[in-house]
Amino acid sequence: MADTKAITFYDLQVSTGATISPFVWATKFAIRHKGFDLDVVEGGFTGIAERTGGKTERLPAIVDNGRWVLDSWGIVEYLDETYPERPMLIPHESVAVMTKTLDAWFWRTAVGPWMRSYCADYRDVCYEHDKEYITSSREVMLGGKLEDLQAGREDRLAAISASLEPLRIGLREHKFLGGDEPNYADYRIIGSFLWLASLAQTPPLAADDPLRDWIERVRDLFGGLGQHPGLFTLYGLEQREGDVDPFNRQAGMGGIHKRNTGPQSTQAETQFITKAKS
Ligand SMILES: N[C@@H](CCC(=O)N[C@@H](CS)C(=O)NCC(=O)O)C(=O)O
């Protein structure tokens, strides 16, 4: 690789020093994927506009060769367009479509429900000077008091985890969402898991969750970029009597996951589904 220069990176952190935002996490991984170091400008939620000289109220933002680039997706497009000779984040337009689809599903299925289950933790882990702003802005965003929304989360966490089965199925046969090598889809989803790890004071996933392999594999990339000591553990969700299984323990998979190699491979299923007739 030509050079290992650093890109100026505006971070969004909590009191442990860990990054919080899924967008910011995904962008950290994206910059390292392109082979650049991060020249981090630290800070929390309040004062983003002042820190960036009025350039933005939202993070991430980067400055590369004097050029400001805003927005996580905008930064990825910029990096691939400006440095096509370096490993691509979005090697084909189909990866953009699939990544946006997967990310939208993941937010609806997991990030939203987790946000409502951890919103008081989210506020509590912020810097003291951010807490007032985070309380008032997130209460408007979520439509209620943070403590009230978070209450009873133990009754919801197993079901949120269980709803991630499509991701488990996809990763059962592949090392990364990008295949043998990670791409931006991996960084987008790990960004949301690391957002959760930055604040979740009760683990959201079971200790033996099959997703753990992929999560830790991605966290370990780039010298352990996703292993910041301020992060809380994601594993250790307690299963109580009557809780749904937090993941599917029967590895049965049909549809595109079960290869049709001729009648021999479908015989048992055919016998089963036609047994009423015989
Ligand atoms: N479309 C933007 C969204 C960025 C965004 O919403 N960032 C949030 C952090 S998750 C932020 O900067 N929030 C500051 C605030 O809440 O005041 C992107 O992809 O970068």
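1. To start with the bounds: the domain limits used here come from an automatic or database domain assignment. With those limits, the C-alpha centres of domain 1 and domain 2 lie 19 Å apart. Domain 1 covers residues 6-82, and domain 2 covers 93-224. Please keep in mind throughout that this is a predicted model.

2. How do the two domains meet? Contacts link 18 residues of domain 1 with 19 residues of domain 2. On the domain 1 side, helix α1 (residues 22-33) gives the largest share, seven residues. Sorted by class, that side of domain 1 has eleven nonpolar, six polar and one charged residues.

3. In the model, residues 17-87 are 38% helix and 18% strand, with end C-alpha atoms 29 Å apart. Residues 101-201 are 68% helix and 0% strand, and their end C-alpha atoms are also 29 Å apart.

4. Next, the sheet. It is open, with four strands in the order β2-β1-β3-β4 and mixed pairing. Because β2 (37-41) and β4 (67-70) stand at the edges with a single partner strand each, one side of each has no neighbour in the sheet. On average, neighbouring strands are turned by 30° against each other, direction ignored.

5. Residues 61-64 form β3, which pairs with β1 (residues 6-10) in the antiparallel sense over three bridges. With β4, strand β3 makes another antiparallel pairing, over four bridges. Which residues stand on either side of Ile 62? Phe 9 has Ile 62 as its bridge partner in β3, and Ile 62 stands opposite Val 69 in β4.

6. The turn between β3 and β4 deserves a glance too. Two residues lie between the strands of this hairpin, and Asn 65 takes a positive phi near 50° there. As background, most residues other than glycine have a negative phi, and most peptide bonds are trans.

7. Two further backbone details are worth checking on your screen. The peptide bond from Leu 59 to Pro 60 is cis, with omega near 15°. Pro 60 sits in the loop between α2 (48-51) and β3. Asp 71 has a positive phi, near 80°, though it is a residue other than glycine. Its loop is the one between β4 and α3 (72-82).

8. Which residues surround the ligand? They are Leu 12, Ser 21, Phe 23, Phe 45, Arg 58, Leu 59, Pro 60, Asp 71, Ser 72 and Trp 73. By class, this shell has six nonpolar, two polar and two charged residues.

Note on methods. Residues are numbered from 1 along each chain as its sequence is written. This is a predicted model: local features need pLDDT of at least 70, side-chain atom pairs count only at pLDDT 80 or more; totals for chains, interfaces and linings use all residues. A residue is near a molecule or strand if its C-beta atom, placed from the backbone, lies within 6 Å of it. Ala, Val, Leu, Ile, Met, Phe, Trp, Tyr, Cys and Pro count as nonpolar, Asp, Glu, Lys and Arg as charged, and the others, Gly among them, as polar. Two residues are in contact if their C-beta atoms, placed from the backbone, lie within 7 Å. Two strands pair if DSSP finds at least two bridges between them. Axes are lines fitted to C-alpha atoms, for helices over the stretch in contact, and angles run from 0 to 180 degrees between N-to-C directions.
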